[in-house]
Each structure stands twice: as C-alpha cells, then as structure tokens.
Amino acid sequence: MATADPNFIHLSSPQKENGVSESPGQLDAGALFVLKSRGSWLHSGYHLTTSIVGPVIFSFPFALSLLGWAPGLLITTLQALITFYSYNLLSVILDHHAQLGKRQLRFRDMARDILGPRWGKYFVGPLQIAICYGAVIGCILLGGQSLKFIYLLYNPSGKMQLYQFITIFGTVPLFLAQIPSFHSLRHINLASLLLVLAYSACIVAGSIHIGNSRNAPNKDYSIKGSKENSILGAINGISIIATTYGCGIIPEIQATIAPPVKGKMFKGLCVCFGVIVSTYFSVAISGYWAFGNQSQPSILSNFMDENRPLLPSWFLLLTNIFTLMQLVTITVIYLQPTNEVFEKWFANPKMDQFSARNVMPRLILRSLSVIIGTTLAAMFPFFGDIMALFGAFGVIPLDFILPMVLYNLTFKPSRQSIVFWANTLIAVASSALVAMGALASVRQIILDAKTYNLFANV
C-alpha cells in the first residue's frame, strides 16, 4: 500500500491542470503553518525584493573601484541577466512539478526529488539553513553598526560599545520573528521595497551633492595597487557583485503563491528586477562617479571626512533610519527557513496553529533563534568577513550552479541545444567563481585577523 509523502502537495487528476491541492492534512507543520500558499504574484515580488535587495548595495561603488568603469558595469549587467535567468529556471522547474501533481515547497524538496534524498538532507538543506541564518546574524550586526553610526553622529565622544547597539537592534526582530507565516510578511515586505527605493535615492542624492561640492574628492578612476593586488581585488569585486544578487529561498517564496502557480513567479521576478535595476545601477554609478578609487566598502563611510559629516546630519540620520528599518525586514525574512524547520520538528499539524501546544514551542524556539543570532553578532563583529566566505561556498552554488543542474536533469535538453550549453557554461563559470571568491575571502580574513577580538568595538 502506497503512503503519502508529507513533504509535497499531491494533486488529484482533475485538479492537476489548475493546481488545486488536496487536503492540507498531507503537509507537515512547517509547510502547513509557515509556507501557507495564499499569496499573489505581487506578494512574491515583495518577498523577492526584500530577500535580494538590501544595504549590501552600499558596497557597489567599492566593487566598481576594484574593476573600473567598463568591466564593473559589464559584470553588474551580466550578473543581473544571469540571476534573472537562474531564478526563472528554478520557477519553471517548480511549475513543472506542480503540473505533474507534486508541488515542491522547499529547496531541499527539489534536491531530494531530482538529485536524490541524500542531496536534500545532507547538502542543500543544511547549506541553505547555514546561509540564511548567517544572513540573519549579518543583518543584526549591520543594524547595530547603523545604530552606532547615528549615535556617534550626534555624540562623537560617546562611550557606548558596538555590542550594546547590536543588542538594542536585536530586540526588534525578537518580536517580529513571532509573525506566524511567510505570507504574513507581505505588507512588511512591501514597506521594505519602499524603504529600498528611499535609501537608494538618498545615497544617489548624497553622492551627487558631494561630487559637485567644493570639497569633492579627486575623481581618480584608476585601479590602485600592484598588478597582483589588482588581480585579487578584481576577483573580490566580482565576488561582491555576484553575492549581492544572492537569495537562497526562491522555492520557499514560490511556495507562498496560491495555486495555480504557473507564470506567477515570473511576474514577481519582474517586479523585483525592476527595483534591482533602478537601485543597483544608480547607487553604483553615482557613488563611483563621486569617489572613484577612494570608494569605501560601504558608501556611507565616504559621507564622513575624519568623523566630520559631508552632508547635513538630518540627511544622514534619515538614510540610516531607512536602512535600519529595512534591515529588520531582511532579518525576519531570512528567519523563515529556520522557522519552517522548527515547526516541522516541534509543531503538531493535526492541531490548530494557534493552540497552546503549537504556540509555546514556536515562541521559545523563535526567540532563542534571534537571541543566539544577536549574541553571535555581538561576539563576532568581524562576521562580515566570515560571511563573505560562506557566500562563496553557499550563495553561488545554491543560486547559480544548482538551478542549471536541476533544469538539465529535469527537462534533459539536447546536448546540441543552446539551453544545455548555456546552463553548463554558467555552472562551470560559477564554480570557478566559488574558488576565486573563497580565495579572496580567505585573503581578506588574513589581512583583517589582527583586528579580530570578541565583542570588539569596531
């Protein structure tokens, strides 16, 4: 007698064509409670934008300073096209399986069904959780640093330490982590989209203002350093640009869309990439134009000259407030994979989502997740360097290698077809980028190692 696989939505024959699912009793608690399929394509656009676009765009002028105008803009454009293509491939694969009556809701479900159970359980699942939880820690750290920036802006001789600001910031996602489902974040993620547009506009306006001011820095667009350092810097710049487009939760976002799902994710991607094009390129071009090869890893650092602001304090305050608020939303969205695992392991799908039996473990585990993430961010304020290494080994394989492999295995395109060789080329080039990104990240860790101290006030 066949048994129902609890990790997928199974569709009866008359329902396959329009994607209507059977009883939700076949789903585990993680899928049933966290990955509710009630959203529209527009909601998926909000989720995608929050998961991809964030304050990491502040590093774009720095990446261009390592590459130069033509190579930098070319790689930024090429990576945008590859990313859109890759994420659309994942969506097409998910649509295909949904039409066959087996809707996959998680990245590890895709890997298990297409590559085999061990790939989902021992590689893709753990890798995705590590990357997403690392993003949570990184966002909390950035939030603390942003709070400290505001503090020093108005109190330059202040004595508060970075770990105190990290702790303060961590209290906000501690409460928002209790929002029950991914779909419930749709309005918050719409606000996140608007915040991205707001602080990107601030960065562009600030860069243009400084670039045209009397105190404008000399606009030198040459590549600094020796030939060896220039090559390593270029590798680092490519890695920065590639990981800036990373997501890691495409299947989980598509899982929030109400059936039938076919074609809806493509519309959501169009919304997201509309925001990407309008923010990534404007911040990169304006920042690099204003500061040239003096661009710092965060453009906000260029807005200060030896602790003296080059822009009005209220303008810097507003930019940082927009950034802080959006960091909260990114933190919460990247908590969803761990939330889903907690629900799967500890919740009872046969009981109501808001019963005491399910609410108590949810409250305890989600709170512990944020508290541990906040503690790690405070302990390791150099976590950004470590995350760059994780990004090379995690983000690139999940987002730019695995989709190509899964598509070729699912649809088996002819070896003479353009699609087969395009996917193979992207997978091979991305694999080389993993190695180069890892090399650049390890080099940066070695260079920064002397500043590594627990609870350092950096």
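Q: Leaving aside its neighbours within four places in sequence, with which residues is proline 297 in contact?

A: In this predicted model, proline 297 is in contact with Phe58, Ser59 and Phe62 once those sequence neighbours are set aside. Proline 297 sits in the loop between α11 (264-291) and α12 (299-302), and its C-alpha atom is separated by 8.1 Å from that of phenylalanine 60, although the two residues are 237 apart along the chain.

Q: What share of the contacts between residues at least 6 apart in sequence join residues at least 24 apart?

A: Of such contacts in the chain, 82% join residues at least 24 apart.

Q: Why is the chain described as being as compact as a globular protein of its length?

A: The secondary structure of the chain comes to 17 helices and four strands. Its radius of gyration is 22 Å, close to the 23 Å given by the globule rule for 458 residues, and therefore the chain is as compact as a globular protein of that length. Of the 458 residues, 54% count as buried.

Q: Which residues form a nonpolar patch on the surface?

A: The patch is formed by Met360, Leu363, Ile364, Leu368 and Ile372, which together have about 440 Å² of accessible area. Isoleucine 372 lies in helix α15 (residues 356-379), and because its relative accessible area is 44%, isoleucine 372 is classed as partly exposed.

Terms used. Residues are numbered from 1 along each chain as its sequence is written. This is a predicted model: local features need pLDDT of at least 70, side-chain atom pairs count only at pLDDT 80 or more; totals for chains, interfaces and linings use all residues. Side-chain values use heavy atoms; hydrogens and water are left out. Patches are made of residues with over 30% relative accessible area and no salt bridge: like charges are joined within 9 Å, nonpolar side chains (Val, Leu, Ile, Met, Phe, Trp, Tyr) within 5 Å. Accessible areas come from the Shrake-Rupley method with a 1.4 Å probe; for residues, only the protein chains shown count as cover. A salt bridge is a side-chain nitrogen of Lys or Arg within 4 Å of a carboxyl oxygen of Asp or Glu. Helices (H or I, at least four residues) and strands (E, at least two) are DSSP runs, numbered from the N terminus. Buried means under 20% relative accessible area, exposed over 50%, partly exposed in between (1.4 Å probe, protein chains only). Contact means heavy atoms within 4.5 Å. The radius of gyration is taken over C-alpha atoms; the globule rule is 2.2 Å times the number of residues to the power 0.38.
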